[in-house]
Amino acid sequence: MTTRRRLLGGFAALAAAALPAAVRAATARVVIVGGGFAGASCALALHRIAPSLELTVVEPRGAFLTGPFSNAALAGLIPPERIRARPGDGLRRHGIRWLAQAAVALDPVARELRLADRGRLQAERIVVAPGIDFVYDAIDGLSAANSDAVPHAWRIDAQFARLRAQLDALPDGATVLIAAPPNPYRCPPGPYERASLFAWHAQRRGLRRRIVIADAKDDFSKRAAFTASWDTLYPGMIEWLPRAQGGTVVAVDVAARRARLAGGETVHAALLSVIPPQHAAAFARAADLADASGWCPVEPLGFESTRHPGIHVLGDACIATPMPKSAFAANNQGKACALAIAHRLAGETPPPPLLLNTCYSLLAPDYALSVSGSYRAVGGRLNELSSGLSPAHADPALRELEARHAEGWQAQLLRDSFG
Amino acid sequence: MLPRLSAAVLFGSCALAPLPAAAASGACPNPELSLGCGSCHGAAPNALPALPPDPAPALYARLARLRDAPYTGTVMPRLLASLDDQTLHAIAAAVACERGHAP
């Protein structure tokens, strides 16, 4: 019964794809690298649209913590279990072949994948959804090896527990520094939601806390609504230092817990969460899928690489501007890619999908802000059709309504993506 | 209209109903327009309201009301803001078909 209802609610749209019988009976091989929001959505959609495809998902992790609401889990507002994805369970339940190992390399011309166990996989279409990596050396003194001491937890993973432990151990009157990265990066409102919920964490315990956001940018997602909300919820606790005021973190001393800012100021903090600049995951860059920007250019109908035909790049690794790098965008891209692959295998041009994005940020248990937009390919480029965000000033009832919507958004996005 | 409505009621109330013939055979129109709906609307705990099992004209009317709402405090008016009537009709037809109405 649960499965039935899930099918109707979550995947009905793609169960119903109006596709030629030839595609539904296609026997081509498709391999998906990465079982995050993009890869898992794509796999589940493709399995429904074209069940005869020989579909394989390569993802070493059976379970992992996901991004949406991860700041709420860090601050203790929700249990971490609520943000855990188990792509292996969902894939197996749907009878999709899952290889629980890492993809080591991709030959984008031969369309051949090399796996950690030295096995090789060839396919007519390969979908690459590997996420992001961090440019640690953009900040003096920071490295992959010592980043754990100033945890970003931006891939959640192991640094989640470290960051949560550091947060929970903060004494009264502590200073927290959050280094916000330059564009583009995963989850644009994330650093500001983190500052908000770290303030909530202190307020709830009756602790004084100074939270400095040292930013490599001069603007950020939902800024007017965030700053007005901070004045209401957490007066005097959160300071935003934009790039123009020297806010960019240029160096860190992880042992001494100090950050040097471009403006010359040195901030000593009990907790530093340094979110480094980002680029597409090494796997995609090594496969010649990224351009000089460090991200992967794609066409807007099915997110097929413009560098290597037959290879699709989804989610945070690809350049889907003006879509943000968000879980919701990745989920929509996964489904659009599945439709496009089915059409391409039938020798047809896929129709331009209507892509949506919605991101909620939780600032307190009963207080959320949202940003959303719709996108469609026009003239070979992805265009924003409409967008909007929560008003800068609003009745508390609206913020509370959005907080309830946020809970539903997070829960359904997880279920829709991972089955 | 009546047979379709009965089908919808049955479909909405009985979780074990078979897949609608149109959906099962892949005959629903414009799946590329409705792929974002299920990202929010579904059966997860606390989920936003499930997509209503309405026939296409009623779904179109709902979508048009949301698009034309003067109040943009929540998400749907923003997402629909620039979609024309023809596109809203197409989305409504896609969703109605997926929820069990004949295409």
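Chain A has twelve helices and 24 strands, where helices (H or I, at least four residues) and strands (E, at least two) are DSSP runs numbered from the N terminus. The model is a predicted one, in which local features need pLDDT of at least 70 and side-chain atom pairs count only at pLDDT 80 or more, while totals for chains, interfaces and linings use all residues. Residues are numbered from 1 along each chain as its sequence is written, and chains are lettered from A and ligands numbered from 1 in the order in which they are written.

With a radius of gyration of 21 Å against the 22 Å that the globule rule gives for 419 residues, chain A is as compact as a globular protein of that length; the radius is taken over C-alpha atoms, and the rule is 2.2 Å times the number of residues to the power 0.38. Along the principal axes, its C-alpha atoms fill a box of roughly 65 × 45 × 40 Å. Of the 419 residues, 56% are buried, that is, have 20 or more other C-beta atoms (placed from the backbone) within 10 Å of their own.

Next, the helix pair. The axes of α4(A) (residues 37-49) and α11(A) (residues 327-345) come within 7 Å and cross at roughly 35°; axes are lines fitted to C-alpha atoms over the stretch in contact, with angles from 0 to 180 degrees between N-to-C directions. The crossing is right-handed, meaning that the near helix is turned clockwise from the far one by less than a right angle. Among the residues making the contact are F37(A), C42(A) and L46(A) of α4(A), and A330(A), G334(A) and I341(A) of α11(A); two residues are in contact if their C-beta atoms, placed from the backbone, lie within 7 Å.

Helix α9(A) (residues 223-233) has A225(A), F226(A), S229(A) and W230(A) buried. Seen down the axis, these buried residues fall within an arc of 135°, so they line one face of the helix; the arc is that of the directions from the helix axis to the C-beta atoms. Their cover includes α8, β13, β22, β23 and β24 of chain A.

Strand β22 of chain A also holds T358(A), which is buried, with 24 other C-beta atoms within 10 Å. Beyond its neighbours within four places in sequence, T358(A) is in contact with F328(A), S370(A), S372(A), W409(A), C40(B) and V75(B). The C-alpha atoms of T358(A) and P324(A), 34 residues apart along the chain, are separated by 9.7 Å.

Conventions: A residue is buried if 20 or more other C-beta atoms lie within 10 Å of its own, exposed if 12 or fewer, and partly exposed in between; C-beta atoms are placed from the backbone.
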